[in-house]
2 protein chains.
Amino acid sequence: MNLYLLGVTGSIGQQTLDILRKQQNKFNLISVSAYKNIELLKSILEEFSPKYATVHLKEDKETLEKRYPSIEFGYGQQGLIKAATYGEKTGLLINAVVGSAGLKPTIEAIKKKRNIALANKETLVIGGEIIMPLVKKHQVSLIPIDSEHSAIMQCLNGEDKSQLKQIIITASGGSFRDLSRKDLKDVTLKDALNHPNWSMGSKITIDSATMMNKGFEVIEAHHLFNVPYKKIKTILHKESIVHSLVEFKDTSIIAHLGNPDMRVPINYALFYPNRTAFNSDSLSLEKVSSLHFEALDETRYPLLSLAKEVGQAGGLLPTVLNASNEAAVQLFLNETISFLQIEDIVIQCINKFKTTNHVTLENIIALDEEVKQFVYDLYT
Amino acid sequence: MNLYLLGVTGSIGQQTLDILRKQQNKFNLISVSAYKNIELLKSILEEFSPKYATVHLKEDKETLEKRYPSIEFGYGQQGLIKAATYGEKTGLLINAVVGSAGLKPTIEAIKKKRNIALANKETLVIGGEIIMPLVKKHQVSLIPIDSEHSAIMQCLNGEDKSQLKQIIITASGGSFRDLSRKDLKDVTLKDALNHPNWSMGSKITIDSATMMNKGFEVIEAHHLFNVPYKKIKTILHKESIVHSLVEFKDTSIIAHLGNPDMRVPINYALFYPNRTAFNSDSLSLEKVSSLHFEALDETRYPLLSLAKEVGQAGGLLPTVLNASNEAAVQLFLNETISFLQIEDIVIQCINKFKTTNHVTLENIIALDEEVKQFVYDLYT
């Protein structure tokens, strides 16, 4: 199968390559994108020889095309779109870009009737109202690369969705789950990047700590599975072994369990709709010994309840939520602001940007830029 | 749909009627069987007006037919078979008889192309090698009424069985799970009947305490899902919330969870292959708070490992296992023998009856009687 892999140097991209190395005869890696990690990209180009590669900066593109004359190169947003739509054949776009930049490439790939394996949450959070009708129109598969949504998709296998009572998304609680809100005042970037269960990129690790990530997942689940918000519940489950659950109207709950290893949902997405063996240790329930569940305290995690309200409101408000968060997390990663200021900024933006414009790609992109600029201007 | 309900006065029978009362327009209760609980049977006859009813004793049959001239009555094994095969129409046989008496009625109902909802474990434990080819030949559905097997069936919904890595059957540990083998010496019948999680009939409650029940379930799972014994694992899970799990080759585990309520698997069997709402509380994972798993100590429960060996050996050996256990449990329920003597008797019989005869219904029935008689003769 032809693969188009956006975000090849990131955590999901690297784990995808891990799988490809073991399944080389089954996939052709046609195009890749990277941001600024050029050294890692070079080794990937040498190992996988894609036809097209794209990076963030024009100067990196120019350096690379001198060194690898047999590969076509691009840069910036246009490069991302070209990587997603490269060539004339069908295949699978793996979108593991971070942030709103992932939206347009997804849309263009769907229009080319490519199936989508989606690790880029923003595509659905801000663009769900556009994406889902397109997925239907072009009859492509949209397969989540996310332990929770992959779990939910698997739990719904072979089931009649009209019998769904609720979706229960589990949350590990993130890096600061054992701290009170008072304790959060002085946490450092280093503390925040230390997730208890999952090894992930820095943006999503911070989003886990603020629980913004779980809020995004609720919005994603709403779009992916066409389920109203009142039927999507979140629950604290510190072990990250139960990846999510689905309850049917007969009170049966079907759950997906496994070791916290992103290669499992990646593998599922690569071979969907079939399963294929993944050579790794089985989860040992005897070793895990106990699984814990608690109600999520939404006063402890204000961004989670805010995300549910924003999702419910719909329209362009999720774009404000995502853009303000994306900019705020960037400022936190740069150590410009403190951890709790992420929440303050997001709440401030939700109150400020009350747009009633239609949800179009153009309006999303314009608003995304406007909100981010507003946030950056606060701190320069 | 036409229903034929064997064991109507037992625990599963009564819970089935609970569901029928709420779904009256969907089912016709055509025939019922009871053992000796004639008073309860009378109230059922008056409420549901079946066309045929059968009991254990001839004198009870004669009393009943005088009182209910519009209902046809039978008794004994022939009555059970007639209840299972009554009339010419198709429909669903719910076999909730206890013991080996359930085998022949199941076979005859399958031959009439009736689907089977099976709570009678013995049908598969002793007759699996006959039943499964018949199910295939007559293209009927065989739906387990058992929390574990119903769970496994649901976890396999929509899945490719060639991707199955293992089945994991959970065990509550039964009434004496917190006692050592030394402590088991002096336990009473009353103690044994006090199951920590499930309200069930007395035979199965004792079988849970000895873990013979879990051994039977392993043999049943082998036949029902056509899975080799080496891929069937058992695990101690005291809360009985996770009813069983299935692991695929990609290390994904799909599990079924719910409150311990037999009406859920009964409801699933009644409406299979569709789900239908069951009006009961959802499982609250927050309230349950923690789920525990431990390896099952097979030296603590020798009948479990014995059952796995017997199942693996196949042939008529499972008939010896079941018959010796059935007779021994009867002796324990009559307070003729002690709890640990159940194990002694079963092990003694497995060593004594080493038959190499072919698995035919006649051989099963003859051996079943021979083994039971041998056990009863030990104590009279």
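Two strands pair if DSSP finds at least two bridges between them. Keep that rule at hand for this predicted model.

**Exercise 1.** Find the strands that pair with β11(B), and say in which sense they run.

*Solution.* 
Step 1. Locate strand β11 of chain B at residues 253-257.
Step 2. Look within chain B. Strand β10 (residues 242-248) pairs with β11(B) in the antiparallel sense, over five bridges. Here V242(B) stands opposite L257(B).
Step 3. Four residues lie between them, and T251(B) takes a positive phi near 75°.
Step 4. Cross to chain A. Its strand β11 (residues 253-257) is joined to β11(B) by five bridges, and the two run antiparallel. H256(A) stands opposite I254(B).

**Exercise 2.** Decide whether the residues of β11(B) are buried or exposed, and sort them by the way they point.

*Solution.* 
Step 1. Sort them. I253(B), A255(B) and L257(B) point one way, while I254(B) and H256(B) point the other way.
Step 2. Judge the cover. Five of the five residues are buried, on both sides of the strand.

**Exercise 3.** Classify Q154(B) as buried or exposed, then list what is in contact with Q154(B).

*Solution.* 
Step 1. Q154(B) sits in helix α7 (residues 147-155) of chain B.
Step 2. Apply the cut-off. Buried means under 20% relative accessible area. Q154(B) has 2%, so Q154(B) is buried.
Step 3. Leave aside neighbours within four places in sequence. Q154(B) then contacts E159(A), S252(A), I254(A), H256(B), Y268(B) and R275(B).
Step 4. Take H256(B) from that list. Its side chain makes a polar contact with the side chain of Q154(B), at 3.2 Å.
Step 5. Take Y268(B). Y268(B) and Q154(B) are 114 residues apart along the chain, yet their C-alpha atoms are separated by 9.2 Å.

Terms used. Residues are numbered from 1 along each chain as its sequence is written. Chains are lettered from A and ligands numbered from 1 in the order in which they are written. This is a predicted model: local features need pLDDT of at least 70, side-chain atom pairs count only at pLDDT 80 or more; totals for chains, interfaces and linings use all residues. Side-chain values use heavy atoms; hydrogens and water are left out. Buried means under 20% relative accessible area, exposed over 50%, partly exposed in between (1.4 Å probe, protein chains only). Contact means heavy atoms within 4.5 Å. A polar contact is a pair of N or O atoms within 3.5 Å; within protein, one must be able to donate a hydrogen and the other to accept it, and residues adjacent in sequence count only if both atoms are side-chain atoms.
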